[in-house]
Amino acid sequence: MKNILLEVCCGSADDVIEAYQAGADRVELNSDLFHGGLTPTVGTLRVVKRETDIPVMTMVRPREGGFCYTEAEYRVCLEDAELLIENGADGLVFGFLTAEGEIDPERTHRLAGIAQRAGKESVFHRAIDVVPDWKKAVDLLADLGITRILTSGQAPDVSDAADTVREMIAYAGDRIQILPGAGITLRNLRRVAEETGAHQLHVAVHRSAADLSTVNNRSIYYGGCLYPPEDRFLIIDGTAIAKMKACL
């Protein structure tokens, strides 16, 4: 396999630095990966742009739990998008759906325009994986000038939908890029690339890291009801990313 671009899904500045040092070609910068990725802070983006030399796609998503936002939430998306572009984002990643689960063309067009006017990329994320007709969605997004679609082929794991992703790539043609992601590991990386025929892949491979500042009182939790251990957090596994890059 040749010329396979590797994009790494990151949740912090340290994630991006680790991915960059491991040889990633591009990153998607988020916060709160536990909830599928939310808008990162401008401070995170500014640090990343100073300390790495890699294209940074920034998520624009104001909250977890679906993609049909209130008017206030949407205004937040527009403000965040402008700030991210002003502070060096190389592209915006977003997804807007109606209450019926269809792509919202007006909101998508307006947000994409912020990136497009600045000469940056626009990426419609995995909200496409819940629309009722992906061909109709691809047609609409291509007509709106969206650069790329991130998708798992409407399956929980892209390795289970390689045939659908291949069909999406063929259907999209030169109109819009298709970026497969979700569930890609070192073990299935080559198979996903070969079976989909994709020229780029989106991966998220983390390892556990320690922060022992909370060990004096282990009865305290700051998260939700799942209560993850407070002396651990996830960071990009640079060793695994380097192996993936070497494999490609």
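**Helix crossing and sheet order**

Reply: The crossing of α1 and α2 is right-handed; a crossing is called right-handed if the near helix is turned clockwise from the far one by less than a right angle, and left-handed if anticlockwise. Helices (H or I, at least four residues) and strands (E, at least two) are DSSP runs, numbered from the N terminus. This is a predicted model, in which local features need pLDDT of at least 70 and side-chain atom pairs count only at pLDDT 80 or more, while totals for chains, interfaces and linings use all residues. Residues are numbered from 1 along each chain as its sequence is written, and side-chain values use heavy atoms, without hydrogens and water.

Me: Which residues of α1 and α2 make the contact?

Reply: Contact means heavy atoms within 4.5 Å. On α1 the residues are A13, V16, I17 and Y20, and on α2 they are T44, V47, V48 and E51.

Me: At what angle do the axes of α1 and α2 cross?

Reply: Axes are lines fitted to C-alpha atoms, for helices over the stretch in contact, and angles run from 0 to 180 degrees between N-to-C directions. Here α1 (residues 13-22) and α2 (residues 42-51) have axes that come within 9 Å and cross at roughly 25°. That makes α1 roughly parallel to α2, a label for angles under 35 degrees.

Me: In what order do the strands of the sheet lie?

Reply: Strands of a sheet pair through backbone hydrogen bonds, either parallel or antiparallel. Two strands count as paired if DSSP finds at least two bridges between them. In this model, eight strands form an open sheet with parallel pairing, in the order β7-β6-β5-β4-β3-β2-β1-β8. The edges are β7 (177-180) and β8 (200-203), each with a single partner strand, so one side of each has no neighbour in the sheet. From one strand to the next, the twist averages 25°.

Me: How many bridges join β5 to β6, and which helix packs on β4 and β5?

Reply: Two bridges join β5 (residues 121-124) to β6 (residues 148-151), and F124 has I149 as its bridge partner in β6. Helix α4 (residues 105-117) packs on the sheet, touching β4 and β5, and its direction makes about 160° with that of β4.

Me: Is F94 buried or exposed?

Reply: Buried means under 20% relative accessible area, exposed over 50%, and partly exposed in between (1.4 Å probe, protein chains only). F94, in strand β4 (residues 91-94), counts as buried because its relative accessibility is 0%. Leaving aside residues up to four places away in sequence, F94 touches several residues, including V60, L111, F124 and I146.

Key:
Angles under 35 degrees count as roughly parallel, over 145 as roughly antiparallel, 65 to 115 as roughly perpendicular and the rest as oblique.
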